[in-house]
Amino acid sequence: MNMLVNIAELLGQAGGELPFAFAISPVELDVQSQDCAFEDPVRVTGKVVNTGTVLRVGGQIHAVKHFVCDRCCKPCTEPQEHPFAEDFRRGRGDTDEVNSFDGDVLDLAALVRDTLLAAQPLSNICKPDCKGLCPVCGHDLNEGDCGCDRFVPDPRLAALQQLKLDD
Ligand SMILES: [Zn+2]
Ligand SMILES: [Zn+2]
């Protein structure tokens, strides 16, 4: 999938700016996973600035993420905004570190995809202090205590107690 900005004119204008705006399907962008789904479309806005030496790309990704809380299993919707800023140089990109372009177009797809994926947390939780579900009865502990005895003895302590009993 491509997210192309035509920079033919901008290349001749040191100091010039070129705004861009995309609305792209998250499926095409290849950012969907089993753990989370982004609402269609993912929006990207920003501008390319010709600094005279590089093309400076800056913008913002606007996405709405749907996921199920890892702790309490509730479905959640989370609007996200992720800024990005990268310099592009002409060339064929000898290393992965350097964003490069060749010809009269910039392809922002990889930058947008990487930015969005890197910004996702390892775990999906509805709120930082989500208490999760009771392991005994499945009650949502965010809604109050269920009164179950959830005390799990430390296995090391239990082993010590066992030793004492054996004496
Ligand atoms: Zn939760
Ligand atoms: Zn319970």
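Start by selecting Val42, Leu106 and Val112: of the 19 residues in the largest nonpolar core, these three touch the most other members. A nonpolar core here is a set of buried Ala, Val, Leu, Ile, Met, Phe, Trp, Tyr and Cys residues joined through C-beta atoms within 7 Å. Strand E4 (42-50), strand E5 and helix H2 (109-118) each supply at least two residues of this core, and the largest share, 4 residues, comes from E5. In general, nonpolar side chains tend to be buried together in soluble globular proteins.

Before moving on, some notes on the model. It is predicted, so local features need pLDDT of at least 70 and side-chain atom pairs count only at pLDDT 80 or more, while totals for chains, interfaces and linings use all residues. Residues are numbered from 1 along each chain as its sequence is written, and chains are lettered from A and ligands numbered from 1 in the order in which they are written. Helices (H or I, at least four residues) and strands (E, at least two) are DSSP runs, numbered from the N terminus.

**Next stop: helix H2**

Select Leu111, Val112 and Leu116, which are buried in H2 (buried means 20 or more other C-beta atoms within 10 Å of a residue's own, exposed means 12 or fewer, and partly exposed is in between; C-beta atoms are placed from the backbone). Because they cover an arc of only 120° around the axis, they sit on the same side of H2; the arc is that of the directions from the helix axis to the C-beta atoms. Now look at the other side of H2, where Leu117 and Ala118 are exposed.

What covers the buried residues of H2? Helix H1 (26-29), E4, E5, E6 and E7 are among the elements that do. Val112 touches Met3, Leu29, Val44 and Ile61, leaving aside residues up to four places away in sequence; contact means C-beta atoms, placed from the backbone, within 7 Å.

**Last stop: strand E6**

Select E5 (residues 55-68) together with E6: these strands run antiparallel and are joined by 14 bridges (strands pair if DSSP finds at least two bridges between them). With strand E7 (residues 99-101), E6 pairs in the parallel sense over 3 bridges.

Asp87 touches Val54, Leu55, Arg56 and Asn99, not counting residues up to four places away in sequence.

Key:
Two residues are in contact if their C-beta atoms, placed from the backbone, lie within 7 Å.
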